[in-house]
Amino acid sequence: MASTFVNWLKSPAGRQYFFSTHFWGPVANWGLPVAAIADLYGKDEEVISGPMTGALTVYSMTFMRFAWRVQPRNYLLFACHAVNFTGQSLQGGRFINYHYLGGKERKELQQAAAAGAAQPVPNKKDI
């Protein structure tokens, strides 16, 4: 398998592919799914933009269809947008949970409980 790939890579067809927008377009586009996945672990739900997440989800669905329908099929672009769609869908779920399903209130209660536990208990002399 490796030798077949190396032979293809050395061929004019391989070079033509790696110097085309069919390759570099999706490679440049991988920043979107990488950012979406990084935000799943590093960003607070409070800063997620619902409209932007929705727009990026629709954008990725549209370009997944395009990548599948274009001839020859662009599997790299399809994979990029499939990963982005998944990441944005998870972000959308976090947004809905936080703003509409009580996530914000649960977080505030946890913060209040943590703040209450951090305060010192008064001595009998202080009362």
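Student: Which residues does F85 touch, not counting residues up to four places away in sequence?

Tutor: F85 touches T57, S60, M61 and M64, where contact means heavy atoms within 4.5 Å. This is a predicted model, in which local features need pLDDT of at least 70, side-chain atom pairs count only at pLDDT 80 or more, and totals for chains, interfaces and linings use all residues. Residues are numbered from 1 along each chain as its sequence is written, and side-chain values use heavy atoms, with hydrogens and water left out.

Student: Where is F85 found?

Tutor: F85 is in helix α6, residues 75-100. Helices here are DSSP runs of H or I with at least four residues, numbered from the N terminus.

Student: And is F85 buried, partly exposed or exposed?

Tutor: F85 has 26% relative accessibility, so it counts as partly exposed. Buried means under 20% relative accessible area, exposed over 50%, and partly exposed in between, with a 1.4 Å probe and protein chains only.

Student: You mentioned S60. Where is that one?

Tutor: S60 sits in helix α5, residues 50-69. Its relative accessibility is 0%, so S60 is buried.

Student: What does S60 touch, again not counting residues up to four places away in sequence?

Tutor: S60 touches H81, N84 and F85. Of these, N84 lies in helix α6 and is buried, with a relative accessible area of 0%.

Student: Then which residues does N84 touch, with that sequence limit of four places?

Tutor: Leaving out residues up to four places away in sequence, N84 touches L32, P33, A36, L56 and S60.

Student: Change of topic: α4. Which of its residues are buried?

Tutor: P33, A36 and L40 are the buried residues of α4. They cover an arc of only 60° around the axis, so they are on the same side of α4. The arc is that of the directions from the helix axis to the C-beta atoms.

Student: Why would residues three or four places apart point the same way?

Tutor: An α-helix has 3.6 residues a turn, so residues at that spacing point the same way.

Student: What do the buried residues of α4 pack against?

Tutor: The buried residues of α4 pack against α3 (21-29) and α6. On the other side of α4, the residues V34, Y41 and G42 are exposed.

Student: How many residues does α4 have, and how far does it reach?

Tutor: Helix α4 (residues 31-42) has twelve residues and reaches 16 Å from its first C-alpha to its last, close to the 16 Å expected at 1.5 Å a residue. That expected span is 1.5 Å times one less than the number of residues.

Notes
Helices (H or I, at least four residues) and strands (E, at least two) are DSSP runs, numbered from the N terminus.
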